[in-house]
Number of protein chains: 2
Amino acid sequence: MSLTCVALGLDHRHIYGMTENMAKAGVRCVGYWTLGEPAILPGFVKRFPEIPRLNQLEDALNCGADLALISAIPADRADLTVQAMQHGMDVMSDKPGCTSFEQLDHIRQAVSDTGRIWSVNFSERFETPVSTLASELVDSGAIGKVVQTIGLGPHRLNRLTRPEWFFQRDRYGGILTDIASHQIDQFLHYTGSTSAEITNAFVANYANPADPGLQDFGELNLRSAQGTGYIRVDWFTPDALPNWGDGRLTLLGTEGYIELRKYVDVGGAAGTDHLILVNGETCKKQDASDAGLPYFSRLAHDIKHRSETAMTQAHCFTVMDLALRAQEMAESP
Amino acid sequence: MSLTCVALGLDHRHIYGMTENMAKAGVRCVGYWTLGEPAILPGFVKRFPEIPRLNQLEDALNCGADLALISAIPADRADLTVQAMQHGMDVMSDKPGCTSFEQLDHIRQAVSDTGRIWSVNFSERFETPVSTLASELVDSGAIGKVVQTIGLGPHRLNRLTRPEWFFQRDRYGGILTDIASHQIDQFLHYTGSTSAEITNAFVANYANPADPGLQDFGELNLRSAQGTGYIRVDWFTPDALPNWGDGRLTLLGTEGYIELRKYVDVGGAAGTDHLILVNGETCKKQDASDAGLPYFSRLAHDIKHRSETAMTQAHCFTVMDLALRAQEMAESP
């Protein structure tokens, strides 16, 4: 049985990676639907000229695909997710999967009612091979018990290419919901935590006063029975950096530490996916770009076999719940 | 007029750098006093064979030196500091300068009564040339306004070489007071903050249950009118690291960022003092080992001229006050 998918909402370029990686996992995209002419549409058509546009959402929902790939405007994703599930599809959503507790509740209800999978594609883990190697090392006990993580998610503002919704708090959901959900996923995953408490959260607009809806800085702290985590996200990537952001993750273990330089190693090695491992025997930096991206084939497996090998459903809910809680705490007076 | 100093309490090897760097700044050490035979004493005698031992504290206090260098057991430093001031000496103390609010109050009173200088040698800034270059870059506006700092202070436990007091909470003062005072200094300095709030603090003993007095992990968050800071300190440096700890500092500015790899660049460049600068025009890693250590000559200048060029007295008090507050918050139920 060959799986198929349909793309709903082409408002963020993350849809490129979602579509491409599912194709590599054998899941063919049979069509896409989106509102109007979003800026990333030409890039999608160029990458995937064989995928037909479906003019009506109803057509897309009834196309018979197994999986919906959703990358609409963040605030619209939950509604599309629920509709897709009600039409029998599992869902892979761009992050954030939703922007309010009410939306999250609707998705929980839909998952409960339909038995469909809701998988938010936390691409800063699932689309970086270095994260795969880090998972393998942690699982093998290379750094002992992971007791702390630091996740840094700097992003380039790219003001001129951004649509209106990017600057509207209610549409993108706030910087912690939008970006930091990545690093919350990583904290829970690498520490092996199934729940956590937000102990500190803060957002600011330091450098963009003309865009009051934009939060150009955010940070939060997590604490679980396993350890603690700190997360910092921002829109300050400077122009001279050759990519969109110097994303980092540091895993502190009781017997060593790992640093992931996901996208760039400034002044160091070329390419992406650099992993630093220091423990009792090893002290080195290595290229992890060939460590693979198992999330996508695992999700295909889960769709076929109703399993949870890509990510547990509970984990996905917990990540988005914590992201919303952090956002709420940061915005509380 | 040539300045002189005397060393009081040789319980931490930091006294080596304090003595050597003040000698380079033209301040001759005329003697030392310490209780018993601390483990670091032979190393001191080997480095400074010409410095005589003074058998009685009274002799040291009355030796007529301009400056007392204090590196006794942390809990004993405040009392020596006050006595040194009462005998007319300025004081450079190893960090932490004190271990309780009561001690800090005594030092404040002594400074007020005597007009002497209390300078805590925050060596992770003052003894690392890369920190000097970072200060120059920030002052020149190279990364815009600094809105956030992340300070990581991992340390090697070196269990076999540690004296009893190292494992006694009341003697070393707690991991945030002891180690994180370094990174609090750096946060205030690089963000240009004169005060801050502790928004989160946590300590743990993850891997050393047989030493209940040891805190092998600590973290805290700061918030000021200028920005926020996160600090993580620990005793988990793994054996394969070629030095005592992979100390880092990241300065996030509105127009760029700086990362300091103070002691090692794993898998990268040789040596110490690596600075990464990324802004609108520059994206590079550079060797900052020749940027100098102005703190020591500035302190000598301040002793002569009753100025505050090395560090303001208020800054020094604020750092230790915040460190004690963080420690208290972390240990509150």
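Mentor: Let us begin with a loop: R306(B) lies between α10 and α11 of chain B. Helices (H or I, at least four residues) and strands (E, at least two) are DSSP runs, numbered from the N terminus. This is a predicted model, in which local features need pLDDT of at least 70 and side-chain atom pairs count only at pLDDT 80 or more, while totals for chains, interfaces and linings use all residues. Residues are numbered from 1 along each chain as its sequence is written, chains are lettered from A and ligands numbered from 1 in the order in which they are written, and side-chain values use heavy atoms, with hydrogens and water left out.

Trainee: What is the phi of R306(B), and is the residue buried, exposed or partly exposed?

Mentor: R306(B) is not a glycine, yet its phi is positive, at about 55 degrees. Buried means under 20% relative accessible area, exposed over 50%, and partly exposed in between (1.4 Å probe, protein chains only). With a relative accessible area of 37%, R306(B) is partly exposed.

Trainee: Which other residue of chain B has a positive phi although it is not a glycine?

Mentor: One is N158(B), with a phi of about 50 degrees. N158(B) is placed in the loop between β6 (146-154) and α8 (169-172) of chain B. N158(B) counts as partly exposed, because its relative accessibility is 36%. In chain A, G26(A) follows α1(A) and has a positive phi, near 90 degrees.

Trainee: Where is there a cis peptide bond in chain A, and where in chain B?

Mentor: In chain A a cis peptide bond joins K95(A) and P96(A), with omega about -5 degrees. In chain B such a bond joins K95(B) and P96(B), where omega is also about -5 degrees. P96(A) belongs to the loop between β4 (90-94) and α5 of chain A, and P96(B) to the loop between β4 (90-94) and α5 (101-114) of chain B.

Trainee: How does one describe two helices that pack together?

Mentor: Two packed helices are described by the angle between their axes and the distance between the axes. Axes are lines fitted to C-alpha atoms, for helices over the stretch in contact, and angles run from 0 to 180 degrees between N-to-C directions. Angles under 35 degrees count as roughly parallel, over 145 as roughly antiparallel, 65 to 115 as roughly perpendicular and the rest as oblique.

Trainee: At what angle do α9 and α11 of chain A pack?

Mentor: Helix α9 (residues 175-191) and helix α11 (residues 313-331) of chain A pack at about 130 degrees, their axes being 8 Å apart. The two helices are therefore oblique to each other. Their crossing is right-handed; the term applies if the near helix is turned clockwise from the far one by less than a right angle, and left-handed if anticlockwise. Contact means heavy atoms within 4.5 Å. Among the residues that meet are I184(A) and L188(A) in α9(A), and A323(A) and Q327(A) in α11(A). By class, this contact of α9(A) with α11(A) has 11 nonpolar, 6 polar and 1 charged residues. Here Ala, Val, Leu, Ile, Met, Phe, Trp, Tyr, Cys and Pro count as nonpolar, Asp, Glu, Lys and Arg as charged, and the others, Gly among them, as polar.

Trainee: How do α5(A) and α11(A) cross?

Mentor: The axes of α5 (residues 101-114) and α11 of chain A come within 10 Å and cross at roughly 170 degrees. That makes α5(A) roughly antiparallel to α11(A). The crossing is left-handed. The contact includes F101(A) and L104(A) of α5(A) and F317(A) and R325(A) of α11(A). Its residues are 7 nonpolar, 1 polar and 4 charged.

Trainee: Is Q183(A) buried or exposed, and what does it touch?

Mentor: Q183(A), found in helix α9 of chain A, counts as buried because its relative accessibility is 3%. Residues up to four places away in sequence are not counted, and Q183(A) touches E124(A), G151(A), L152(A), G153(A), I231(A) and V233(A).

Trainee: Which residue of helix α10 in chain B might we compare?

Mentor: R298(B) lies in α10 (residues 294-305) of chain B. At a relative accessible area of 39%, R298(B) is partly exposed. Beyond its neighbours within four places in sequence, R298(B) is in contact with T309(B) and A310(B).
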